Amino acid sequence: MIPISACIITKNEAENLKKCLEALQRYPFELVVVDTGSEDNSREVAAAYTDKVYTFDWVDDFSAARNFAASRASHNIIFPVDTDEFITKLDWNELQTQLLENPKSVGSVKRMDYFETDGEKHCQLCVIDRIYNRRYYRYTMPIHETLAPLTKAPYLSYASSIEIDHVGYLGSGDALREKAMRDMKLLLKELERDPRNPYHCFQVAQSYMLMRDSENALLYFQKALERSPDPMADYTHILLYNYGHLLLEQGRTEAAAFLLDYHAYYRDNMDYLCLTGLLYLHQNQPLKALTEFVNALAAPGGDLADRREPSYYIGYIYELFGKPDIAKTHYRNCGEDYTPAKEALARLSQTH
């Protein structure tokens, strides 16, 4: 068996830490917990699951904390886990095979990010590189830390079957604002150090979104685009999706028209096609919108939009065209628990 150390950095999240460790202890991980200054009983909670509990003086650098945790592990294979992340799926034997086949590669995990919008709970899929060998990789960047090779060898990766629930974006507005302000402090430092980097602007915008500050989020999304992000970078389609939705929510349809310039890059991405479909609806072009949503149904990529969204809008467009029977079929395809479709079916049942 290839031994693996699961390494957690934590601060003042005793309740989540307990859930995180309970999920991890179902598997033969070595558990390493690094506390960065908790004032609750986090250290006591950690001690109930492992004797490898350490303290790290916070230096405004997540990479430094993660690398410290890895240095305290007994094994070279490191699996960093955040306190607010809970494993929901892991095949240990399959993971062992992948580690044998990819000794110098980084394994990605699927993370479901849960968040609330207008009182409704939603989630989006995020694929993150996580499992690595500390002899070949270490973390860099103070915030939104990324793995980097220790040598000139190429960065190699593979997809593991691990799935994780992430609840860090749920909670009270005050708690989310506190987290966002913590991140903002570090992000602005990075932006000052490297002002032409679109990724830093993007992350500042994301933090403003977490604080429900749409105007500043829009400002920094625009700054990110002005710095010409690589369309194929992992974050760029998220930038477009969130920026585009904010513009459309504020009725700034003309400003959102730039989204169509990216069609060649994202024509197989459901998130993008749903967004351009909405743009066409805002432009009063329902036939073009219908094409986008139909294509979205079959699109292989996408992890931000709700998978039921294309069917709902196809039904909505057919309702606009005065074809209620076709509209009902597509609304029903959304399932029984999709609120917009349920409301549409109730509306049609009263009029037809």
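User: Which residues have the most contacts inside the largest nonpolar core, and how many residues does that core have?

Analyst: Start with the general idea. In soluble globular proteins, nonpolar side chains tend to be buried together. A nonpolar core is a set of buried Ala, Val, Leu, Ile, Met, Phe, Trp, Tyr and Cys residues joined through side-chain atoms within 4.5 Å. Here the largest such core has 79 residues, and L239 and F293 have the most contacts inside it. Helix α11 (residues 270-282) gives the most to this core, with 9 residues. A second, separate core has 30 residues, including I8, L21, Y27 and A46.

User: What kind of model is this, and how are residues numbered?

Analyst: It is a predicted model: local features need pLDDT of at least 70, side-chain atom pairs count only at pLDDT 80 or more, and totals for chains, interfaces and linings use all residues. Residues are numbered from 1 along each chain as its sequence is written, and side-chain values use heavy atoms, with hydrogens and water left out.

User: What does L239 touch?

Analyst: Contact means heavy atoms within 4.5 Å. Leaving aside neighbours within four places in sequence, L239 is in contact with F202, F221, A224, L225 and P229.

User: How many helices and strands does the protein chain have?

Analyst: Helices (H or I, at least four residues) and strands (E, at least two) are DSSP runs, numbered from the N terminus. The protein chain has 15 helices and 10 strands.

User: What share of the residues is buried?

Analyst: Buried means under 20% relative accessible area, exposed over 50%, and partly exposed in between (1.4 Å probe, protein chains only). In the protein chain, 50% of the 352 residues are buried. Take Q98, in helix α4 (residues 92-101). Its relative accessibility is 12%, so Q98 counts as buried. Q98 touches Y158, A159, S160 and S161, not counting residues up to four places away in sequence.

User: How many aromatic pairs are there?

Analyst: Rings of Phe, Tyr and Trp (its six-membered ring) pair if their centres lie within 6.5 Å; planes under 30 degrees apart count as stacked, over 60 as edge-to-face and the rest as tilted. This structure holds 26 aromatic pairs. One of them joins Y208 and Y220: the centres are 5.8 Å apart and the planes are at 25°, so the pair is stacked. Y208 lies in helix α6 (residues 198-210) and Y220 in helix α7 (residues 214-226), so the pair ties together parts 12 residues apart in sequence. Y208 is buried at 16%, and Y220 is buried at 15%.

User: Why is the pair of Y318 and F321 edge-to-face?

Analyst: The ring centres of Y318 and F321 are 6.2 Å apart and the planes are at 90°, so the pair is edge-to-face. Y318 is partly exposed at 22%. F321 is partly exposed at 34%.

User: Which rings have a charge over the face?

Analyst: A charge sits over a ring if NZ of Lys or CZ of Arg is within 6 Å of the ring centre and within 35 degrees of the ring normal. R66 lies over the face of Y139, at 5.7 Å from the ring centre. K223 lies over the face of Y220, also at 5.7 Å from the ring centre.

User: Where is S349, and is it buried or partly exposed?

Analyst: S349 is in helix α15 (residues 339-351). S349 is partly exposed, with a relative accessible area of 48%. S349 and Q206 are 143 residues apart in sequence and 40 Å apart in space, C-alpha to C-alpha.
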